[in-house]
Amino acid sequence: MIDYLLVFGSSLLAATIAPFYSEVVLAAVLTRQPDAALLLWLLASVGNTLGSVVNWWLGKYLLHYRHKRWFPVSDKQLDRAQRWFQRFGVWSLLLAWAPVGGDALTFIAGIMRVRLALFTLLVFIGKALRYAVVLWFADTLLL
């Protein structure tokens, strides 16, 4: 049970602004529980998607603080990200799994008021595919 909580928790944490890599935890747990690959995939995918929903919520509700000194994104960065998102649209959320820029995409989607249902579906697809690849490589290389 602890292994499952570790996979879910690390996946959720990795999708937020906290610097964390859930793939290592997932691969380690897979070596201990190779018969639970499908459940591990589901836990990692759902946890990581829920972490992205946190970013979406932060983008949606914290934008009115953008002129505060502690706000993590400058106006220039925010404008550039919004232009990029408008150029590529909601389909870019399929890349929310990317280690560089993926978390920012989910934050910007909240700012751009992307519908939560569409956001969740696209983000889940991308992240689930990523974890399927991670599990395939881990299974191939480690087991």
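This is a predicted model: local features need pLDDT of at least 70, side-chain atom pairs count only at pLDDT 80 or more; totals for chains, interfaces and linings use all residues.
How do the residues lining the second largest pocket divide into nonpolar, polar and charged?

The largest nonpolar core has 15 residues, and Phe 85, Leu 93, Ile 108, Ala 109, Val 114 and Phe 119 are the ones with the most contacts inside it. Helix 4 (75–88), helix 5 (102–111) and helix 6 (116–142) each bring at least two residues to this core, with helix 5 giving the most, 5 residues. A second, separate core is made of 13 residues, among them Leu 43, Ala 44, Tyr 131 and Val 134.

Take a look at Phe 85. Beyond its neighbours within four places in sequence, Phe 85 touches a set of residues including Leu 105, Ile 108 and Ala 109. After helix 5 comes Arg 113, with a positive phi near 60 degrees.

Now for the pockets. The largest holds about 570 Å³ of space. It has 19 lining residues, and Val 73, Asp 103, Ala 104, Phe 107 and Ile 108 sit nearest its centre. Helix 5 turns up again here, with the largest share of the lining at 5 residues. By class, that lining has 14 nonpolar, 3 polar and 2 charged residues.

The second largest pocket has about 290 Å³ of space. Nearest its centre are Ala 14, Phe 20, Tyr 21, Pro 99 and Asp 103, while helix 6 gives the most to its lining, 3 residues. And the opening question? The lining of this second largest pocket splits into 12 nonpolar, 3 polar and 4 charged residues.

How values were computed: Residues are numbered from 1 along each chain as its sequence is written. Side-chain values use heavy atoms; hydrogens and water are left out. A nonpolar core is a set of buried Ala, Val, Leu, Ile, Met, Phe, Trp, Tyr and Cys residues joined through side-chain atoms within 4.5 Å. Buried means under 20% relative accessible area, exposed over 50%, partly exposed in between (1.4 Å probe, protein chains only). Helices (H or I, at least four residues) and strands (E, at least two) are DSSP runs, numbered from the N terminus. Contact means heavy atoms within 4.5 Å. On a 1 Å grid over the protein atoms alone, a cavity is a set of points where a 1.4 Å probe fits but cannot get out, and a pocket is an open set with protein on both sides within 12 Å along at least five of seven lines; lining residues have an atom within 4 Å of a point. Grid points are joined across faces, edges and corners, and a volume is the space filled by probe spheres set on the points. Ala, Val, Leu, Ile, Met, Phe, Trp, Tyr, Cys and Pro count as nonpolar, Asp, Glu, Lys and Arg as charged, and the others, Gly among them, as polar.
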